[in-house]
Every structure is written in structure tokens, then in C-alpha cells.
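I set out to record what I looked up in one structure, entry by entry.

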Amino acid sequence: MIGRTMKRGLLAAAMTLALAGQSWAADLKWAHVYEEGSSYHKWALWAADQIKEKTDGRVTISVYPASSLGKEAEINEGLTIGSVDMIYTGPNFAERDYGPIAISDYPFMLKNYDHWKVYRDSDLFSDLSNGYKEATGHTVMAITWYGYRHVTSKFPITKPDDMKGLKIRVPDSPLMVLFPNAVGANPTPIAFSEVYLALQQGVVDAQENPLPTIKFKKFYEVQSNINLTGHIGNSLIIVVSENAMGQLGDDAATVDAVLKEAAAQNADEIYQSEQDLVQWFVDQGIQINEVDKAAFQAAVEPILTDESKVPYTQEHYERMQALAQ
């Protein structure tokens, strides 16, 4: 069985031979699991147009939304097997290959959006991105804001005891079961594309996502309460495969700059929509519930500094918290 290092070496050699004497050109597939109407897709299309223009057509990108090239676990794997070249993915999925990259997604790790922006531009995020590249060969080009995750349900939830025994959908990642387990809920991993039907049919009783996602996936149609737990400040990263990076040549810097700009524009748009959507949901007849956030935070806080239970180090944790000062 060929090891990862050897496979990467063979791939690099093959790319060198294939491109020797040719002008640099790349036709890339960008896959993600979000709807065509989402901000993530809109800014991916914008980035594709900008990159094509700024590289005089040498780099073209086709964007595939709504799990059309696979669910999140599949498109992550696709970076290595070559079925996709670029993806949006959650740090909680990237954690499978390099645990510390997911630190920002841990419950109550981020104080607010400003804390996240400082992290985005920090040496800590750069170091963690380099660690992910060493582990996988793939490059984290940018990070964007996904929003604060809140629990939706068919009844009010205001304190941890209200979640005991609650069957709640979560993404299929170890990080995402931490919060529901800490408050005595029953986390149930279900693919993103299947959540609406699972809620509608009663397979699960609740789910958790940011307000913009709750809107564009129409979860509010099958959930009557939004409980403002804000338990995770969620991000997405834009990852480009090792193979694709090898095709970019001198255009890599242009691609990097455009993707960072798209990610920043998307982040601000998502953050603003979070501020605007509470009233929108009220207008749709949804009940919005404030929660005892300190009680929820107390339930998970001991886990965050226990290196036996998290994939990052105490040093990573302290550096992250220092960014909030």
C-alpha cells in the first residue's frame, strides 16, 4: 500500500512531466454543499469570474453547489483522489486530517465576530493552516464566517436541562457532538442535504445552525422555535488541492488574493444578515428565545482546556484567547 508521502511525491512528479514546456493553465472544480441562493455560492461565482479575468483566462473555475459533487465528507476526500480541486468545508471536517485547525469551531471559543476577524488575520491561523498543509498536501487559501450556531426545536429551550434527551441533528464530526453531549442531548449525525426531511418526518426533533442557514435551508418551516444559544462561532475554509496548486504556477498569488477578498466580503455579508434575521423570523411567526448562555458555557468549559478531549494544545487555546484582548 502506497503511503501518503510517496503518493504525493509521485503526483508532484507526474505534474512536473505533464506541464513541462507548456504554459500554465488550470480548469478547476469548486464543490460545496450550500444552496445556489446562499452567500457562499454567490461569492464563489464572483471569485471564479475575477480569477478568470485577472489571469487572462489561464485559470477557470466551475462551481458546483448543493452537494452536486458529493456530501461534505466526500468532497473532502475528493481533494486527495482528484474528483474536486477546491472546496468550502468546515474546520470540523478538516479536523479529521489535522485536529488543531478546528480550534475556532469549538463551543464558546470565540468571544464575538471581532475576535474571529483577529483570528483570521493572525499568526495562529497561519500556523494551523501550515499544519493542515503538512498533513494533507492541500492549501487553506482563506477562511470565511459561517455564523453563530443556534438550536432550533418545536418547543422553547432556555437552559441546558431543556436539552436532556433531545434528539438533535449535528454534522458528522466529533467536534459537533461535544456541545449536545455536554448538555445531555442525543446528537444524531445526518448529512446536510437530508436535514429538512429528517426534521419534517420526526427522525430528529431539533437541529443547530446559524440564522442565515436556517433561512436558506427553510428549517423554520418545520421548527417553531429558534433558541439563541450561540454555542459555536462557525467558519468555513476554502481549500485548494495539492494537485490544483501545482497547476496554478505564477497565478497562485492572484488566486489567493481573490479568494481572500471573496471570503472577507462573504463574511461581512453573513454577519450583517445575522443582525437582520431575528426580526425576519419573528415576522414569519417563529418564536425567538433568549437563553441562559452562561449555563450552557459552564457545561462545556471544562472540556475546552482538557487536552485529552480536544485536538489542539493548551498553547493553541491560550493563543486563541489572547487574540480576544
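The entries below follow that order.

**Basis.** I worked on a predicted model, in which local features need pLDDT of at least 70 and side-chain atom pairs count only at pLDDT 80 or more, while totals for chains, interfaces and linings use all residues. Residues are numbered from 1 along each chain as its sequence is written, and side-chain values use heavy atoms, with hydrogens and water left out.

**Entry 1: helix crossing.** I looked up helix α7 (residues 174-182) and helix α12 (residues 293-304), whose axes come within 9 Å and cross at roughly 125 degrees. This angle makes α7 oblique to α12; angles under 35 degrees count as roughly parallel, over 145 as roughly antiparallel, 65 to 115 as roughly perpendicular and the rest as oblique. Axes are lines fitted to C-alpha atoms, for helices over the stretch in contact, with angles from 0 to 180 degrees between N-to-C directions. Helices are DSSP runs (H or I, at least four residues), as are strands (E, at least two), numbered from the N terminus. I noted the crossing of α7 and α12 as right-handed, meaning that the near helix is turned clockwise from the far one by less than a right angle.

For contacts (heavy atoms within 4.5 Å), I found that Leu178, Phe179 and Ala182 in α7 meet Phe296, Ala299, Val300 and Ile303 in α12. The residues of this contact divide into 7 nonpolar, no polar and no charged; Ala, Val, Leu, Ile, Met, Phe, Trp, Tyr, Cys and Pro count as nonpolar, Asp, Glu, Lys and Arg as charged, and the others, Gly among them, as polar.

**Entry 2: aromatic pairs.** My search of the whole structure gave 20 aromatic pairs. Rings of Phe, Tyr and Trp (its six-membered ring) pair if their centres lie within 6.5 Å; planes under 30 degrees apart count as stacked, over 60 as edge-to-face and the rest as tilted.

Tyr113 and Tyr271 are stacked, at 4.2 Å centre to centre and 5 degrees between the planes. Tyr113 lies in helix α5 (residues 113-120) and Tyr271 in helix α11 (residues 252-283), 158 residues apart. Tyr113 counts as buried at 5% relative accessibility, whereas Tyr271 is partly exposed at 31%. Buried means under 20% relative accessible area, exposed over 50%, partly exposed in between (1.4 Å probe, protein chains only).

**Entry 3: Ser153.** I placed Ser153 in strand β4 (residues 139-153). Ser153 is buried, because its relative accessible area is 0%. Leaving aside residues up to four places away in sequence, Ser153 touches Asp205, Ala206, Gln223, Ser224, Asn225 and Asn227.
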